[in-house]
Amino acid sequence: MTTGEQPTSALRPATIVPPAQAPARIENLERIPLADLLPRVRAMAAQGARLVTLTCVDMGGAFEVLYHFDLDLQLQHFSAQIPAGDKLPSITSEYLCAFLVENEIADLFGLQVEGLPVDYHNRLMLTEDSSDRPLLRER
Amino acid sequence: MPNMLSNILGNIFARPATRAYPAVRRPPFSGARGHIVFDTKSCGFCGACSRRCPSAAIVINRTDKTLTFDPFRCIICEACVEVCPRKSIAVDSQYRAPAYVKTVEVHTLPAPPEEAPRAAG
Amino acid sequence: MSARTVIPFGPQHPVLPEPVQLRLTLEEERVVEAIPAIGYVHRGIEKAAELNEWVQNVFLVERICGICSFLHALCYCQGIETLLGVEPPPRARYLRVVWGELHRLHSHHLWLGLLADSFGFESLFMQFWRNREMIMDLLEMTAGNRVIVSTCTVGGTRRDIAQEQASEILRTLDKVQNELDKLLPVISNDYTVRSRTVGKGVLPKDKAIRLGAVGPVLRASGVAQDVRMIGYAAYGELGFTPVVEQAGDAHARLLVRMKETYQAIDLIRQALAHMPEGEIITRVRGNPRGRTISRVEQPRGEVVYYLAGNGTRNLERLRVRTPTFANVPALVQMLPGCELADVPVLVLSIDPCISCTER
Ligand code: SF4
Ligand code: SF4
């Protein structure tokens with residue numbers, strides 16, 4: 001499979017743009033150790049930032065959890081890595097609204113979250129008889 | 001209530017906003033995506049459409065030279081129309097009639113004795 | 001302490017045809033606690049997007065939600081364009097504004113009708129839905145489909161709007177605006193509307209931000225935040241100020257959406273007037289690499305896509321945070337203290353779209 005023969009729309013083809021040189025990056029992304037997570041989140045809350053969402057990525061043996069914040073339409077991201085089997089601290093003490101997305105991550109990735117005020121016990125998205133972790137990569 | 005009064009009075013004397021549908025039909029807009037049609041005469045069975053189709057509605061068998069199309073999977077996105085190198089696929093603006101049973105269409109290369117594309121259950 | 005009753009609101013409920021459940025704990029008629037339960041119709045679109053090719057995903061993400069379908073495709077395409085380093089041609093950016101705002105217009109009409117329906121104002125409901133039909137016809141005329149228009153693609157748009165179609169859009173918008181002018185006094189002053197919405201479900205400004213509310217819910221609490229302000233597509237070149245209300249109650253949310261229908265009409269007029277001539281699509285080559293965040297303002301609020309590509313035809317990860325998912329915590333905090341009879345109105349006041357919550 002070569003990258004050049006990507007099927008493209010046959011509609012009025014115009015200028016040909018060479019593929020981007022460097023892979024795109026997320027701006028304002030800061031990698032932080034898990035221990036710093038809660039203090040940093042607390043600092044964002046003190047500034048009046050809005051929690052946009054959490055994104056969990058399965059990296060194989062570990063998870064990367066991204067925390068996206070919005071402050072006057074400027075995004076700020078924190079990235080924390082957590083080995084599989086460890087527990088992710090909940091940030092609901094600062095942002096109550098995170099309970100929904102943290103439960104979702106617990107469901108779909110099997111990553112355990114510690115300190116949830118409302119714990120659905122992996123039954124937010126999944127059914128009672130499901131033991132699947134749908135978003136884990138198959139290997 | 002007075003705010004809606006003129007509206008109510010207007011509606012009493014206005015024609016209905018709806019159409020008596022099966023009896024009165026609005027002709028489709030030109031360019032409406034009703035359903036897709038194949039012209040197997042020009043098809044080269046290259047399989048580009050089936051690889052591009054997001055809902056896997058087209059299956060090409062290159063050895064038998066058949067194109068199996070499942071209209072109940074098709075979302076009429078026109079991706080296959082855009083990608084077909086021989087322009088063998090087109091969009092018709094008429095909607096398909098509703099059906100009781102789901103059928104698939106099998107299109108074959110029209111053999112010299114005229115064998116029209118037939119529907120198979 | 002009086003006896004507590006637990007009432008399951010949903011997943012089947014007359015005002016909300018979508019499956020979501022709120023477990024309401026009541027003390028007499030008053031709600032003291034609400035626990036949401038979702039997941040009745042989760043479709044696993046994030047996983048499906050990893051299995052499909054990225055070109056095909058445009059059609060997949062459009063189906064996350066019918067009502068915002070164009071804006072989902074727009075958000076996805078903008079993300080992929082960033083990963084590929086492609087710029088859509090100027091005309092395509094304006095066309096995206098036109099279709100995007102037509103979607104906002106018909107979505108707000110749908111919601112305004114549904115809210116009227118939730119407190120039993122049937123004739124207002126029918127007026128809005130009759131109006132909406134004119135916009136649906138515009139979509140069918142320009143895109144070939146009423147709801148899932150599929151006109152946005154990576155690198156530009158798949159259809160153009162011809163001159164005569166543009167004049168037809170302008171003519172219809174005049175009619176729509178004319179009808180809206182008759183309904184605006186009903187929305188803002190009518191006794192029935194006011195008595196069911198004013199002072200109900202108040203969400204103060206700081207709480208709205210802390211609870212991560214987005215879109216009209218956030219703007220009705222006095223926060224002037226609209227993702228269109230970052231100027232994606234052609235919004236940076238069009239005149240536009242976000243609609244803000246201060247009261248934070250259900251009526252403020254109603255007014256924000258009502259005023260946004262006017263704003264959408266105005267933006268479509270501007271976009272059609274300033275639309276440059278030229279190509280509508282840039283050819284793209286290669287496969288997406290790296291990762292990015294893409295944001296778009298949908299009728300219900302901000303949608304966020306996280307896209308990660310690894311240079312193959314399949315994306316590594318696609319994460320979608322839809323606006324209703326962000327507004328559910330705000331709803332849960334709004335409900336305690338209200339009466340059971342107001343729950344349907346408050347649930348509708350966040351414009352819940354369960355189909356997009358259940359990606
Ligand atoms: S892309 Fe066209 S030519 Fe190729 S198999 Fe499909 S219909 Fe036939
Ligand atoms: S129109 Fe779309 S869904 Fe239908 S067959 Fe063609 S590519 Fe597949």
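**Entry 1: chains A and C**

I counted the salt bridges between chain A and chain C and found five, a salt bridge being a side-chain nitrogen of Lys or Arg within 4 Å of a carboxyl oxygen of Asp or Glu. One salt bridge joins the side chains of Glu94(A) and Arg210(C), at 3.6 Å from N to O. I note that this is a predicted model, in which local features need pLDDT of at least 70 and side-chain atom pairs count only at pLDDT 80 or more, while totals for chains, interfaces and linings use all residues. Residues are numbered from 1 along each chain as its sequence is written, chains are lettered from A and ligands numbered from 1 in the order in which they are written, and side-chain values use heavy atoms, with hydrogens and water left out.

I then looked up the polar contacts: 12 residue pairs between chain A and chain C are in polar contact, both residues at pLDDT 80 or more. A polar contact is a pair of N or O atoms within 3.5 Å; within protein, one must be able to donate a hydrogen and the other to accept it, and residues adjacent in sequence count only if both atoms are side-chain atoms.

Next I asked which elements of chain A supply at least two residues each to the side that touches chain C. They are β1 (29-31), β2 (50-58), β3 (62-71), β4 (74-83) and α2 (98-109) of chain A; helices (H or I, at least four residues) and strands (E, at least two) are DSSP runs numbered from the N terminus. β2(A) gives the most, with eight residues. By class, this side of chain A has 39 nonpolar, 12 polar and 12 charged residues. In this classification Ala, Val, Leu, Ile, Met, Phe, Trp, Tyr, Cys and Pro are nonpolar, Asp, Glu, Lys and Arg are charged, and the others, Gly among them, are polar.

For the extent of the interface, I recorded 63 residues of chain A in contact (heavy atoms within 4.5 Å) with 60 residues of chain C. The two chains bury about 5300 Å² between them, 57% of it on carbon and sulfur atoms. Buried area is the accessible area (1.4 Å probe) that two parts lose on being put together, summed over both.

**Entry 2: chains C and B**

I found 27 residues of chain C and 22 residues of chain B in the contact. About 2100 Å² is buried between chain C and chain B, 43% of it on carbon and sulfur atoms. Gln56(C), Glu140(C) and Arg158(C) supply 23% of the area that chain C buries against chain B, more than any other three residues.

Four salt bridges cross this interface. In one of them, Glu140(C) pairs with Arg26(B), with the closest N and O atoms 3.1 Å apart. I counted 15 residue pairs in polar contact between chain C and chain B, both at pLDDT 80 or more. The elements of chain C that give two or more residues to this side are α2 (54-62), α5 (122-143) and α6 (163-189), and α5(C) gives the most, with eight residues.

**Entry 3: chain C**

I listed 13 helices and eight strands in chain C. Buried residues make up 68% of its 359 residues, buried meaning under 20% relative accessible area, exposed over 50% and partly exposed in between (1.4 Å probe, protein chains only).

I looked up Thr25(C) and placed it in strand β2 (residues 21-27) of chain C. Thr25(C) counts as buried because its relative accessibility is 11%.
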